Amino acid sequence: YETVLGDLKFFPIPENTNAASPPVTFENGWMDKRTYGGERGHEGCDIMGTERPRGYYPVVSMSDGVVEKVGWLEKGGWRIGIRAPGGAYLYYAHLYGYSRQWQEGDAVKAGELLGFMGDTGYSTVEGTTGNFEVHLHVGIYMKTDHEDEMSLNPYWVLKYLQKYRLKYSY
């Protein structure tokens, strides 16, 4: 986790300066059972924004980095994957939309707006929404001597980053 935490600067959902806006929530769902596309463990942490519609909550980059993957995935919907300087791959999934036309190779700054929380995915049909509640799936992967991409539990990282939230009005 030292390698990961050294690069991370911000919680991925900014704090809303509008006090009437409901907060986002998350819990440790690491390796919870998932069945869409076959039985597997959940390799991430879901930040829930269910009290507001898709597209409401902004999603910002947790670190500097380079866009490595962007676009539609059957399970992840609209997603963006960013490689941080220390090597961690930060995966943001189920986005409703992007802040701009991201391309693989684009440089990203910590705190930069990536897109908006949504409910896309769980379908082979690009653009599908509504198969689950609005949320941001955060995944963290590291290359190791023994694995190309080892999934890390992002829950503890997100708990740490809660004290580092940008403030937005939305």
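**Charges, rings and surface**

Reply: R100 is partly exposed, with a relative accessible area of 38%. Buried means under 20% relative accessible area, exposed means over 50%, and partly exposed is in between (1.4 Å probe, protein chains only). This is a predicted model: local features need pLDDT of at least 70, side-chain atom pairs count only at pLDDT 80 or more, and totals for chains, interfaces and linings use all residues. Residues are numbered from 1 along each chain as its sequence is written, and side-chain values use heavy atoms, with hydrogens and water left out.

Me: Which side chain does R100 meet in a salt bridge?
Reply: That of D106, at 3.5 Å from N to O. A salt bridge is a side-chain nitrogen of Lys or Arg within 4 Å of a carboxyl oxygen of Asp or Glu. D106 counts as buried, at 18% relative accessibility.

Me: And which ring does R100 lie over?
Reply: R100 lies over the face of W102, 3.8 Å from the ring centre. The rule for a charge over a ring: NZ of Lys or CZ of Arg is within 6 Å of the ring centre and within 35 degrees of the ring normal. R52 lies over the face of Y56 too, at 5.5 Å from the ring centre.

Me: Back to salt bridges. How many does the structure hold?
Reply: Eight. One of them joins E15 and K167, with the closest N and O atoms 3.0 Å apart. That pair links distant parts of the chain: E15 is in strand β1 (residues 15-16), K167 is in strand β14 (residues 167-168), and they are 152 residues apart. Strands (E, at least two residues) and helices (H or I, at least four) are DSSP runs, numbered from the N terminus.

Me: Is K167 buried or exposed?
Reply: K167 is exposed, at 55% relative accessible area. E15 is partly exposed, at 34%.

Me: What does R54 pair with?
Reply: D119, in a salt bridge of 2.7 Å, N to O. R54 lies in the loop between β5 (45-48) and β6 (58-60) and D119 in the loop between β11 and β12, so the pair ties together parts 65 residues apart in sequence. D119 is buried, at 4% relative accessibility.

Me: New topic. How many aromatic pairs are there?
Reply: The count comes to 12. Rings of Phe, Tyr and Trp (its six-membered ring) pair if their centres lie within 6.5 Å; planes under 30 degrees apart count as stacked, over 60 as edge-to-face and the rest as tilted.

Me: Why is the pair of F26 and Y155 edge-to-face?
Reply: Because their planes are at 65°, with the ring centres 5.7 Å apart. F26 is in strand β2 (residues 25-26) and Y155 in helix α2, 129 residues apart. F26 is buried, at 16% relative accessible area. Y155 is buried as well, at 12%.

Me: Last one. What does L152 touch?
Reply: Leaving aside neighbours within four places in sequence, L152 is in contact with Y1, V4, W30, I140 and M142. Contact means heavy atoms within 4.5 Å. L152 is in strand β13 (residues 150-152) and counts as buried, at 12% relative accessibility.
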